[in-house]
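Have the structure open as you read.

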Amino acid sequence: MTPAAFERWSIRAPLLLGSGAAWIALIVQPQVCSLHAGLGPVTRESALMFAAMMLPLVAGPIRHVCNQSLARRRWRAAALFLAPYALLWTAAGIVLMEIAPRLSVYAAVVLIALWQFSPAKQLCVNRCHSFADLSAFGVRADYDALAFGSTHAVWCIASCSGLMLLPMLLPAGQVIAMAAITLWLLSEKLDKPAKPQWALRGPAKAARIAQYWLIRPILSRSVSPSS
Amino acid sequence: MFTRKNVYKLGGDWGDAILWYARAVQAMKARKLAEPLSWRFFGGIHGFDQGVWQSFGYLAASDKLPSAALRKRFWEQCQHATWYFLPWHRGYLLAIEKTVRDVIASLPKGGATAAKTWALPYWNYSVKNENKLPPAFASPDWPDGKGNNPLFVTQRYGPNFGSNKVFVPPNQINLKALGEPDFTGVTTGGSTGFGGVETGFQHGSNSPRFGRLEQQPHNNVHVLVGGGDPTNQNVFGLMTDPDTAGLDPIFYLHHANIDRLWSVWNGEPASKGDPTDAQWVKGPASIGERKFSMPLPPNGDPWDYTPGDMTDIGKLGYTYDDLKAPAAKAMPHAKRLAALGAAPRGVVGMTRDQKVELMGANEKALRISGKAEVKTSVKLDKQVRKRVSNNLAAVRAEATTQPDRVFLNIENVRGLHDATALQVFVKDELVDTIALFGARKATTGGGGHGEGGGLTFVLDISEIVDKLHLSNALDVNALDVRIVPVNPVPEAANVSIGRIRVFRQGR
């Protein structure tokens with residue numbers, strides 16, 4: 001493992017553990033889908049969904065916050081980033097849970113597809129790849145972490161909400177659908193920023209990686225230039 | 001086995017190897033742009049910008065571009081600011097060397113014989129008196145006095161625009177990178193490694209940061225040889241910009257030297273060798289990204305290769321006439337220990353128990369314009385500073401403690417004037433010169449997908465910190481950093497530095 005990979009996993013591992021715990025909680029507890037059940041339960045449900053689906057995706061920004069923070073302030077900076085991020089996502093989740101049952105499934109799927117393939121979606125994804133530069137000292141450092149958490153949440157919500165609505169439209173099997181969407185979103189994260197334009201956006205890169213490793217003996221044969 | 005030789009040791013200004021190179025370049029330049037084995041096609045493999053090529057006279061209205069399929073496979077491929085930098089360029093050199101050899105073999109009056117031993121020469125600009133542009137490139141004429149020497153290029157301005165003297169100033173390059181034990185490093189502020197950081201297919205914008213050899217001397221030589229007009233950012237040498245660099249015949253001699261230095265590094269006992277990670281060995285195709293591919297003679301058929309294919313130059317059929325490494329005691333680590341009064345100990349590189357942590361940062365962005373030097377104060381954290389002081393004291397007292405390393409990061413350098421070279425001083429000691437090769441593309445975010453983050457330069461300031469420690473002057477709240485343009489920078493180029501940070505790498 002390269003030193004860079006080791007650094008990445010030291011942040012990724014705890015987040016994956018947190019996400020794993022949230023998935024377990026989602027599976028074992030009865031699901032709550034709307035505000036009729038009460039604000040408390042629905043908030044808890046939304047927060048669990050956030051932890052399950054978004055913690056794996058937030059490793060990059062958290063690593064950035066830790067990297068640009070002094071060691072003595074690192075936990076504080078990470079908390080100041082995560083707090084608005086989690087709050088905004090939880091709120092967005094509640095909104096999504098409220099509107100899902102009110103939508104015609106077919107209309108929702110068409111709208112989600114249009115958004116997914118639109119230039120606007122690519123613009124939001126590009127913004128997700130762009131991390132704010134953070135001050136190191138004092139109040140400015142606290143403010144920068146909070147601001148980064150908030151703006152990153154906005155771009156993330158814009159990018160991912162469409163796909164995240166899909167499992168909520170299903171009558172059953174939402175947790176499995178959520179897991180599939182999480183993998184889709186992780187795959188989207190692998191792509192580099194690209195030109196905002198209409199395009200069929202999907203987990204193509206993940207498919208290419210899978211294809212490479214499955215038919216590797218054929219692909220790795222290359223014509224070696226002989227002298 | 002072919003031997004690549006020092007261009008200054010070919011037996012005269014127009015030694016055979018250079019004469020045949022010139023003849024082949026002339027033949028390749030006569031081929032059409034759309035032909036995969038033409039000179040300009042090879043230039044486009046490195047990089048391409050329609051507007052710049054047109055304004056520099058390398059793309060006429062009558063020129064037919066290569067087919068979309070050919071461009072998609074071969075063009076705009078050069079790998080920069082990545083651990084793929086060295087292996088990709090090794091393959092690129094192999095392809096053009098074979099193409100040149102194939103052309104030579106077909107030339108009259110001894111071409112067939114010459115081709116049996118011809119290899120690309122290299123330019124070792126670090127040798128005293130060999131830092132001037134090799135004479136065959138500096139003359140507009142062939143040795144028999146006839147003009148139109150294909151090795152001569154007007155858009156090659158050197159470090160002092162207008163002087164017509166092209167050379168590499170010795171005080172602006174160094175080979176400290178050879179002392180780096182690890183091939184790959186980190187993007188978190190510490191050492192980026194000899195060969196560069198882990199990335200995917202890396203061409204154009206979103207450049208994180210450079211490996212040590214790529215940053216110095218590779219980037220600096222590009223900018224010092226190409227140069228540019230300090231009053232007009234649209235006038236620059238071919239070597240100055242990645243999109244035009246492959247068009248200058250000196251490019252390949254420069255890269256042959258960089259390739260040679262990779263082999264020199266591999267021959268050093270302290271070097272840990274090339275990466276064995278699958279993602280490096282198998283290249284970007286293994287992570288679902290574009291593969292490395294070159295056209296080869298006789299027909300331009302594609303040759304796909306991976307970094308793993310590039311690790312053994314013996315297997316690839318060539319060597320260099322000089323692979324001698326600098327003496328161990330001249331390496332940065334040994335010099336530091338000597339200066340600290342510490343017993344010698346081997347260099348270890350980055351280990352699992354080490355980490356990279358922020359030590360300080362300045363407050364705001366800096367604008368570079370004209371000749372004016374820019375000063376900034378990089379505030380240091382007391383706790384981290386103390387860790388460094390304690391470590392340096394321990395290095396002297398104990399035989400096994402490795403010294404911390406301290407790095408200055410010049411981050412998010414944006415601008416539209418790649419010919420910019422900046423000297424960086426910390427507390428009035430010169431750290432190094434940085435050159436903005438690739439800044440234009442990294443700023444415009446090439447391909448129109450948003451504002452690019454610019455370039456980030458990582459500079460090892462451990463020796464300077466050692467000096468401060470030894471003179472009891474490390475107990476300071478901030479480090480004074482000065483950035484001094486080597487030549488004036490055009491105002492309209494909007495050259496700026498986003499942030500300057502200091503990082504400690506140690507246990």
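**Charges and overall build**

In chain A, the mean positions of the 20 positive and 8 negative charges sit 8 Å apart. Here Lys and Arg are the positives and Asp and Glu the negatives, with His and the chain ends not counted; each charge is placed at NZ of Lys, CZ of Arg, CG of Asp or CD of Glu.

Before going further, keep in mind that this is a predicted model, in which local features need pLDDT of at least 70 and side-chain atom pairs count only at pLDDT 80 or more, while totals for chains, interfaces and linings use all residues. Residues are numbered from 1 along each chain as its sequence is written, chains are lettered from A and ligands numbered from 1 in the order in which they are written, and side-chain values use heavy atoms, with hydrogens and water left out.

So what is chain A made of? It has 10 helices and 0 strands, where helices are DSSP runs of H or I with at least four residues, strands are runs of E with at least two, and both are numbered from the N terminus. Its C-alpha trace spans about 75 × 50 × 35 Å along the principal axes. Of its 227 residues, 44% are buried (under 20% relative accessible area; exposed is over 50% and partly exposed lies in between, using a 1.4 Å probe and protein chains only).

Now hop over to chain B. The peptide bond from Q216(B) to P217(B) is cis, with omega near 15°, and P217(B) belongs to helix α8, residues 212-226. Another cis bond links P297(B) and P298(B), with omega about 5°; P298(B) is in the loop between β2 (292-296) and β3 (301-305).

Which way does phi go at E76(B), positive or negative? It is positive, about 50°, although E76(B) is not a glycine. This residue is in the loop between α4 (68-74) and α5 (85-106), and it counts as partly exposed because its relative accessibility is 33%.

K109(B), also not a glycine, has a positive phi near 60°. You'll find K109(B) in the loop between α5 and α6 (111-115), and at 82% relative accessibility it counts as exposed.
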